[in-house]
Amino acid sequence: MPDMRAYPIALLISAAAVLTACSSGEQKAAAPAPPPASKAPASSSAPAAKAADTCSLLPSDDVSKAIKIPGITSKAGPAHDNPSNGGKATSCEYVVEGKTAGALAVTRYEGRKAKPADMIAAIKKAKPGAVDVPGFPDGAVFYTDEQKTATLAAAKVSNGVPVLVNYTGPVKMTKEMMTPLVHTAVAKA
């Protein structure tokens, strides 16, 4: 099994790249900001609740089956707000033996009128080699990156709000392995 110590950093970088890609197509990715750790109690409790909700979108048993490793558990991951594009991301980390085996991120763009097709097109533009994934009504894309991770991202509009749902895991995960995971999460997002 590959060493998964680098995955938390790679996942954060991937999430930042996706968030930036869905902003105004012309902006370049900036270095990812560290997760907000020292906010006022009123504002830090809301992202924590949303992050916990993110874990409810995809059961850890589903991840265990997809990667064929028993004993996967989930825990709330970092939340990140991006004022430049209005994205509010929450995440859930899937862990085995204390190491991150993958992560689900959900980014909601409150107040934006982005179309799912435009969100997917922005990712494809930012990630050379990204391929469309059939079976998602509003579009999905799969790509691997230089950090040796694989990501499947799907876009939709939920209650009038554009939403991007992505699962990032080790590069050995195929789009066929990730598709049912993202389908499950998108259906509940």
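Okay, the protein chain here has five helices and eight strands. Helices (H or I, at least four residues) and strands (E, at least two) are DSSP runs, numbered from the N terminus. This is a predicted model, where local features need pLDDT of at least 70, side-chain atom pairs count only at pLDDT 80 or more, and totals for chains, interfaces and linings use all residues. Residues are numbered from 1 along each chain as its sequence is written, and side-chain values use heavy atoms, with hydrogens and water left out.

Along the sequence, the pattern reads α-α-α-β-β-β-β-α-β-β-β-β-α. The chain has 189 residues, and 47% of them count as buried. Buried means under 20% relative accessible area, exposed means over 50%, and partly exposed is in between (1.4 Å probe, protein chains only). Now contacts, meaning heavy atoms within 4.5 Å. Take those between residues at least 6 apart in sequence: 53% join residues at least 24 apart.

Next, a helix pair. How do H3 and H5 cross? H3 covers residues 60-67 and H5 covers residues 175-188; their axes come within 9 Å and cross at roughly 170°. Axes are lines fitted to C-alpha atoms, for helices over the stretch in contact, and angles run from 0 to 180 degrees between N-to-C directions. So H3 is roughly antiparallel to H5. The cut-offs: under 35 degrees is roughly parallel, over 145 roughly antiparallel, 65 to 115 roughly perpendicular, and the rest oblique.

Which residues meet there? From H3, Asp62, Val63, Ala66 and Ile67; from H5, Met177, Leu181 and Thr184. By class, that contact has five nonpolar, one polar and one charged residues. Nonpolar here is Ala, Val, Leu, Ile, Met, Phe, Trp, Tyr, Cys and Pro; charged is Asp, Glu, Lys and Arg; the others, Gly among them, are polar.

On to aromatics. A search of the whole structure finds one aromatic pair. The rings of Tyr94 and Tyr167 have centres 6.1 Å apart and planes at 40°, so the pair is tilted. For Phe, Tyr and Trp (its six-membered ring), rings pair if their centres lie within 6.5 Å; planes under 30 degrees apart are stacked, over 60 edge-to-face, and the rest tilted. Tyr94 sits in strand S3 (residues 87-96) and Tyr167 in strand S8 (residues 161-170), so the pair ties together parts 73 residues apart in sequence. Both tyrosines, Tyr94 and Tyr167, are buried.

Last, two loop residues. Lys68 is not a glycine, yet has a positive phi of about 60°. Lys68 lies in the loop between H3 and strand S1 (73-76). Glu97 is in the loop between S3 and strand S4 (99-109), with a positive phi near 50°.
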